[in-house]
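The points take up charged contacts, overall architecture and the nonpolar surface in turn.

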Amino acid sequence: MPTLPHGLMQWSPSGFFTALLGLIWYEVKASEARLNKRIDELREDQKASEARQREHPKHGLGRLEAVDPLRESHFPVFTDC
């Protein structure tokens, strides 16, 4: 079985670990980019949702605020405690 030259045998473990670290670094950066892209998509969805709520207040919090006076008219407020 042919053997590798002595200099190549000394270099190969450090080269292997360097390549492995490079691969790990690449995957970390790619994962970070995917995460940042997803965060941007969620922010856009949130902005669109807020815009829809402003356009149609009866579907959002405005509807709850409109119900409050009705609820208060049916339930007396006791201040003598």
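1. With which residue does D40 form a salt bridge, and how far apart are the closest N and O atoms? The partner is R43, and the closest N and O atoms lie 4.0 Å apart. The model is a predicted one, and this distance, like every other value in this note, is computed from it.

2. The setting of this pair can be described further. D40 and R43 are both in helix 1, 3 residues apart, which means that about one helical turn separates them. D40 is classed as partly exposed because its relative accessibility is 41%, between the 20% and 50% limits. R43 reaches 52% and therefore counts as exposed, the cut-off being over 50%.

3. A second salt bridge joins E41 to R38, with 3.3 Å between the closest N and O atoms. These two residues also belong to helix 1, which spans residues 6-55, and they are 3 residues apart, or about one turn of the helix. E41 has a relative accessibility of 32%, so it is partly exposed. R38, at 43%, likewise counts as partly exposed.

4. R34 is paired with E27 in a further salt bridge, whose closest N and O atoms are 3.1 Å apart. E27 has a relative accessible area of 41% and is therefore partly exposed. Over the whole structure the search returns 4 salt bridges, among them the pair R34 and E27.

5. As to architecture, the protein chain contains 2 helices and 0 strands. Of its 81 residues, 2% are buried; a residue counts as buried when its relative accessible area is under 20%. The chain exposes about 8000 Å², and 63% of this area is supplied by carbon and sulfur atoms.

6. Which residues form a nonpolar patch on the surface? The patch consists of F16, F17, L20, L21, L23, I24, Y26 and V28, and together these residues have about 860 Å² of accessible area. One of its members, L23, is placed in helix 1. L23 has a relative accessible area of 55%, so it is exposed.

7. The aromatic residues deserve a separate remark. A pair of aromatic rings is described by the distance of the centres and the angle of the planes. The count here comes to 1 aromatic pair. Its rings are those of F16 and F17, with centres 5.5 Å apart and planes at 70 degrees; the pair is edge-to-face because the angle is over 60 degrees. F16 and F17 are both exposed, and both are members of the nonpolar patch described above.

Terms used. Residues numbered from 1 in each chain as written. Predicted model: local features only at pLDDT ≥ 70, side-chain atom pairs only at ≥ 80, totals over all residues. Heavy atoms only, no water. Salt bridge = Lys/Arg side-chain N within 4 Å of Asp/Glu carboxyl O. Buried < 20%, exposed > 50% of the residue type's maximum accessible area, 1.4 Å probe, protein only. Helix = DSSP H or I, 4+ residues; strand = E, 2+ residues; numbered from the N terminus. Areas by Shrake-Rupley, 256 points an atom, 1.4 Å probe, with all protein chains shown as cover. Patch = residues over 30% accessible without salt bridge, like charges linked within 9 Å, V, L, I, M, F, W, Y side chains within 5 Å. Phe/Tyr/Trp six-rings, centres within 6.5 Å; stacked < 30°, edge-to-face > 60°.
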